[in-house]
Amino acid sequence: MASVKIVGLIVGAVAVATLVVNSTFAEGPQYAAAATTATTATTATTAGLTAGPAARARVVRVSAEDFKFDAPDAIPAGLTDFRFLNKGPALHHMQIVKLESGKTINDLRAVLAEPGPPPAWVKEVGGPNAPAPGVESNATIMLEPGNYALICFIDIDGPPHFMKGMLQGLRVVPATGPAAPKPTADVTLTLLDYSFKTSAPIQRGLRTVRVTNEGAQHHEIELVKLAPGVSVGDFMKWIAKMEGPPPGKPLGGISGIDAGMSAYFSADFSPGNYAFVCFLPDTRDGKPHFAHGMVQQFTVN
């Protein structure tokens, strides 16, 4: 679970840390090869930040290892498709926060070093939620110019990963050219206090999901494919004790977003049973949102 120092600041999939990380999540040699040959993170240059029209969302590739991000220091503003590859043996995610009021990464480090609620200048804007080791997740979000940070809050068997080096600043600079159109969603997933609502059943195949937070609190969506014969009730019982192999595989989703915000992710839904889970802590009682009922099983035929 998250360190008390960041209670209330915990964002996107922090409690996904409860998904034990070991080789059980590995997907085999093909994913290891993909991790080895994947394109490294985009390196931004001043000349390239504003060059060319934005015909589509810019793709920014980020990889994670134990314990660092390989990510650019600066990117253009606008619609951005983050591709997040977990190259480490541990579980990682990428929460993006915007630092308002002229605050910098050093200001955020100072906040994370002390207990207490998050300041108003820290805004949760989403990011790719936790995929299993060797797997890539994604998130498409709109970024305005300003200072941001990439954070991994997962804290299995030790301090949260940002304390081990998984905290990096990101500068988003103005961009020229036409704005990229938003993705075409196959289904809209609405986050409420405390439930999920889909606009239509999710069909098999590669699907794009629009995630919108209509609740009063921050929320996330972690997508888990359940093992054959396992119900979401079985999965949550395992979460409570974490004995034996995990009965599900994390696929990603959208990290924490503030109320009123939206983001997109895509996933290949093969037939089987899945679960949506929000692990974020409640701002009133500190309990994870799934304890308030924010967990839902669904089937893809």
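In which strand does Asn86 lie? Asn86 is part of strand E4, which covers residues 78–86. The model is predicted, so local features require pLDDT of at least 70 and side-chain atom pairs pLDDT 80 or more, whereas totals for chains, interfaces and linings use all residues. Residues are numbered from 1 along each chain as its sequence is written, and side-chain values use heavy atoms, with hydrogens and water left out.

The secondary structure of the chain comprises three helices and 17 strands; these are DSSP runs numbered from the N terminus, helices being H or I with at least four residues and strands E with at least two. Of the 301 residues in the chain, 50% count as buried. Buried denotes under 20% relative accessible area, exposed over 50%, and partly exposed the range in between, with a 1.4 Å probe and protein chains only. Among contacts in the chain with a separation of 6 or more, 74% come from residues 24 or more positions apart, a contact being heavy atoms within 4.5 Å.

Asn86 counts as buried because its relative accessibility is 0%. A polar atom of its side chain lies 3.0 Å from the backbone oxygen of Ala90, and a polar atom of the Asn86 side chain lies 3.4 Å from the backbone oxygen of Pro131. Polar contacts are defined as pairs of N or O atoms within 3.5 Å; within protein, one atom must be able to donate a hydrogen and the other to accept it, and residues adjacent in sequence count only if both atoms are side-chain atoms. With neighbours within four places in sequence left aside, the contacts of Asn86 include Ala64, Leu91, His92 and the residues Pro131, Ala132, Pro133, Gly134 and Val135.

Pro128 is located in the loop between strand E6 (122–126) and E7. Its relative accessibility of 0% is why Pro128 counts as buried. The C-alpha atoms of Pro128 and Phe84 are 6.4 Å apart, although 44 residues separate the two along the chain. When residues up to four places away in sequence are not counted, Pro128 touches Phe82, Phe84, His93, Met94, Ser137, Asn138, Ala139, Gly253 and Ser255.

Phe153 counts as buried at 0% relative accessibility, and Phe162 counts as buried at 10%. One aromatic cluster is formed by Phe196, Phe269, Tyr274, Phe276 and Phe298.

Pockets were located on a 1 Å grid over the protein atoms alone, a pocket being an open set of points where a 1.4 Å probe fits, with protein on both sides within 12 Å along at least five of seven lines; lining residues have an atom within 4 Å of a point. Volume is the space filled by probe spheres set on the points, which are joined across faces, edges and corners. The largest pocket holds about 390 Å³ of space. It is lined by 19 residues, of which Glu136, Leu251, Ser266, Ala267 and Asp268 are the closest to its centre. At least two lining residues of the largest pocket come from each of strands E7 (136–143), E12 (205–213), E13 (219–226), E14 (248–257) and E15 (262–269). The lining of the largest pocket has eight nonpolar, seven polar and four charged residues. In this classification Ala, Val, Leu, Ile, Met, Phe, Trp, Tyr, Cys and Pro are nonpolar, Asp, Glu, Lys and Arg are charged, and the others, Gly among them, are polar.

The volume of the second largest pocket is about 260 Å³. Ala57, Asp81, Arg83, Thr140 and Pro183 are the closest to its centre among the 14 lining residues. Elements E4, E7 and E15 give two or more residues to the lining of the second largest pocket, and E15 provides the largest share, three residues. By class, six residues of this lining are nonpolar, four polar and four charged.

Backbone geometry was also examined. Most residues other than glycine have a negative phi, and most peptide bonds are trans. The bond joining Asp66 and Phe67 is cis, with omega about 10°, and Phe67 is placed in the loop between strand E1 (58–65) and strand E2 (68–70). A cis peptide bond also runs from Asp193 to Tyr194, with omega near 10°; Tyr194 lies in the loop between strand E10 (187–192) and strand E11 (195–198). Ser101, a residue other than glycine, has a positive phi near 60°. Ser101 belongs to the loop between strand E5 (95–99) and helix H2 (105–112) and is exposed, with a relative accessible area of 66%.

Key
Rings of Phe, Tyr and Trp (its six-membered ring) pair if their centres lie within 6.5 Å; planes under 30 degrees apart count as stacked, over 60 as edge-to-face and the rest as tilted.
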